[in-house]
Amino acid sequence: MNELLLAAAGLILFTVAIGLARVLRGSEVERLMAVQLLGTGGIAALLLIANATSVPGVEDVALGLALLAAFATIAFVNLLDADQGDAEA
Amino acid sequence: MSLLPYLDIGLALLVVVVAVWTIAARDLFTSVVGYVAYGLLLAFVWIRLYAPDVALTEAAVGGGVTGVLLITAGKRLGARKNVAPEAQPGLAFRLLTGVLAALVAGALGAVILMLPDPPPSLAPEAAAAADGAGAGLGNPITAVLMSYRSFDTMLEKMVLILAVVGVWSVGTDKAWGGAPAPFRRPKPYAPMVFLAQMLAPVGVLIGIHIFWTGANAPGGAFQGGALLAAMWMVTMMARLAEPPRIDTQRLRLALVAGPAVFLIIGLAGKVVAGSFFAYPPALAKPIILFIEAFMLLSIAAALPMLVAGPPSERADQ
Amino acid sequence: MITLLDLFSIAAISAGAFFFFAGTVGLLRFPDALTRMHALAKADNVGLGLVALGLIPRAESALSALKLIVIWALVLLSAASTTQLIGRALRRGRK
Amino acid sequence: MTPSVLAGLVGATLVGLGLYGLILHPHPLRKLLAFNLMGSGVFLVFGIVARRGAAAGFRFDPVPQAMVITGIVVAFAASALAVALILRLSEESSRVTLDPEAWTKPDSGDAK
């Protein structure tokens with residue numbers, strides 16, 4: 001059973017790696033998706049690996065990661081907005 | 001034959017490739033995006049080392065908050081591209097640096113490969129000492145942080161406060177006492193405000209939860225405080241809240257609350273239990289949680305202030 | 001010994017892994033940034049949901065099972081909104 | 001190869017990479033980022049010491065882990081201070097560089 005979890009984690013991690021390679025080569029804005037990619041795929045792989053190796057309390061770490069991924073994206077978009085010279089308030 | 005070693009190697013390669021990307025990226029924005037991704041990936045490595053506490057801290061402080069600090073600074077610097085090309089060092093210099101870096105990395109790697117096996121460890125003694133100091137906490141890491149190294153933990157919180165003082169004092173004289181520049185000049189738009197409104201309460205709940213479970217499971221004041229700090233910054237980015245003026249009483253009280261409470265209780269320990277930072281064993285857990293709660297407050301206040309930077313003269317709006 | 005619950009976990013996690021795979025295929029094959037983002041945001045979130053679902057029977061306690069659901073809900077919320085933010089930035093960048 | 005040795009080697013590589021970036025990048029914020037990268041490599045190498053407690057019947061060694069957490073927070077505090085200094089420096093000199101040569105020349109290109 002554990003091997004199956006690890007296999008699934010490996011597959012997901014592999015798709016995340018491919019996705020990262022694709023996204024990071026894209027345009028400036030597209031690169032932001034890298035964080036999102038790790039926020040979903042990364043968390044899935046993390047949960048699987050942790051379950052298979054029985055690390056305690058990983059749900060909390062995953063919760064934290066999910067929050068941080070959103071936080072980082074907001075900060076980056078914020079910067080891009082400022083950069084585009086939005087209608088200054 | 002297990003799959004795990006292959007997974008580990010894949011993960012290690014991924015971390016190194018993303019790290020190379022952040023160093024090689026052409027502009028600051030790209031490299032900071034890479035750095036945040038790298039922070040999240042590094043959290044995986046720490047999970048594999050059975051260190052979820054460190055994983056969470058690395059992702060939160062090392063990746064997330066540091067990334068936002070750098071990106072905010074980049075925006076304020078107004079230079080998202082590299083400095084003038086003539087500042088680029090020549091090929092010979094680059095080669096030399098590469099060789100030096102490779103040598104350092106190689107030496108470190110060799111040391112790691114040559115570590116004795118089975119390794120010497122003080123872990124049992126340390127854990128016993130942590131227990132002996134009367135900390136009735138289930139999480140050995142929090143127990144160590146709180147009792148075995150009380151001085152260190154407190155001094156490190158002081159480092160945070162000193163850094164806040166340092167950042168504030170870098171501002172101009174005219175701006176002293178004012179508020180740091182807002183995280184965002186333009187008016188926010190609906191989806192961002194929505195996300196901040198939804199995320200912040202959930203995030204605060206999760207932050208407090210992680211602080212609370214920290215006594216028995218991975219988590220603690222650092223991790224919880226970093227998440228709370230991130231949520232405060234989210235509300236400031238959506239302009240649901242503004243950075244406070246640095247001369248507000250409440251802000252300053254929040255900043256010093258953690259170390260102050262720690263110090264007072266430490267001194268009380270001298271009187272009640274006979275030595276500095278000694279707690280009566282029966283009360284150890286409630287006392288430690290009490291101290292940690294104030295630490296949480298101080299960390300949650302200090303991190304956003306560090307990111308927000310010195311007070312700004314143009315703190316209008 | 002494989003129980004019925006294990007079978008359920010295996011099925012859900014395999015399906016989840018498949019959706020991640022599909023999402024990445026979309027990411028590689030779709031022609032422009034907005035559609036690529038669409039593939040990423042939709043397929044990966046279904047994938048995470050299925051993985052979380054598959055891990056629920058293996059959770060240590062009811063609380064950690066609940067947390068798995070909360071993680072998924074949180075990622076859904078943040079993915080839906082941040083995709084909107086990135087999409088807007090993309091569209092403005094093109095002008 | 002055990003996970004801890006592998007992680008240690010990753011840490012060593014990160015230290016090398018960070019050092020390279022720290023020396024070569026002309027942009028001060030990029031230098032700072034490289035420095036942070038190097039720092040996390042150091043923590044990882046140090047963390048291998050944490051895993052070494054495994055042989056003594058522990059899955060981890062709490063003391064070094066606690067120190068790594070402290071280190072991460074202190075590194076962040078130092079970075080924040082460095083950012084504030086860089087911003088003030090660029091404000092005063094209207095240039096984004098740490099190169100002292102660039103300031104002695106009165107108008108050698110506007111880096112800002």
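# Report on chains A, B and C

Of the 89 residues in chain A, 72% are buried, a residue being buried if 20 or more other C-beta atoms, placed from the backbone, lie within 10 Å of its own, exposed if 12 or fewer, and partly exposed in between. This is a predicted model, in which local features need pLDDT of at least 70, side-chain atom pairs count only at pLDDT 80 or more, and totals for chains, interfaces and linings use all residues. Residues are numbered from 1 along each chain as its sequence is written, while chains are lettered from A and ligands numbered from 1 in the order in which they are written.

Chain A has three helices and zero strands; helices (H or I, at least four residues) and strands (E, at least two) are DSSP runs, numbered from the N terminus. The order of elements in chain A, from the N terminus on, is α-α-α. Chain C also contains three helices and zero strands, and its elements run α-α-α from the N terminus on.

The table sets out overall values for these two chains.

Along its principal axes, the C-alpha trace of chain A spans about 55 × 25 × 10 Å. For chain C, the C-alpha atoms fill a box of roughly 60 × 25 × 10 Å along the principal axes. Buried residues account for 42% of the 95 residues in chain C.

Two residues are in contact if their C-beta atoms, placed from the backbone, lie within 7 Å. Among contacts in chain A with a separation of 6 or more, 58% are between residues 24 or more positions apart. The corresponding share in chain C is 62%.

Chain B is assigned domain 1 (1–88) and domain 2 (122–317), with bounds that come from an automatic or database domain assignment. Eleven residues of domain 1 of chain B are in contact with 14 residues of domain 2 of chain B. On the domain 1 side, seven of the residues are nonpolar, three polar and one charged. Here Ala, Val, Leu, Ile, Met, Phe, Trp, Tyr, Cys and Pro count as nonpolar, Asp, Glu, Lys and Arg as charged, and the others, Gly among them, as polar.

Within chain B, helix α2 (residues 28–48) packs against helix α3 (residues 52–77) at an angle of about 175 degrees, with the axes 7 Å apart. Axes are lines fitted to C-alpha atoms, for helices over the stretch in contact, and angles run from 0 to 180 degrees between N-to-C directions. The two helices α2(B) and α3(B) are therefore roughly antiparallel; angles under 35 degrees count as roughly parallel, over 145 as roughly antiparallel, 65 to 115 as roughly perpendicular and the rest as oblique. Residues making this contact include B:L28, B:F29 and B:W46 of α2(B), and B:P52, B:E58 and B:G74 of α3(B). By class, the contact has 17 nonpolar, six polar and one charged residues.

Helix α2(B) also meets helix α2 (residues 33–52) of chain A, the axes coming within 10 Å and crossing at roughly 0 degrees. Helices α2(A) and α2(B) are therefore roughly parallel to each other. Among the residues in contact are A:L38 and A:G42 of α2(A), and B:L40 and B:F44 of α2(B). This contact of α2(A) with α2(B) divides into 13 nonpolar, one polar and no charged residues.

Chain C and chain B each give seven residues to their contact. The chain C side comprises three nonpolar, four polar and no charged residues.
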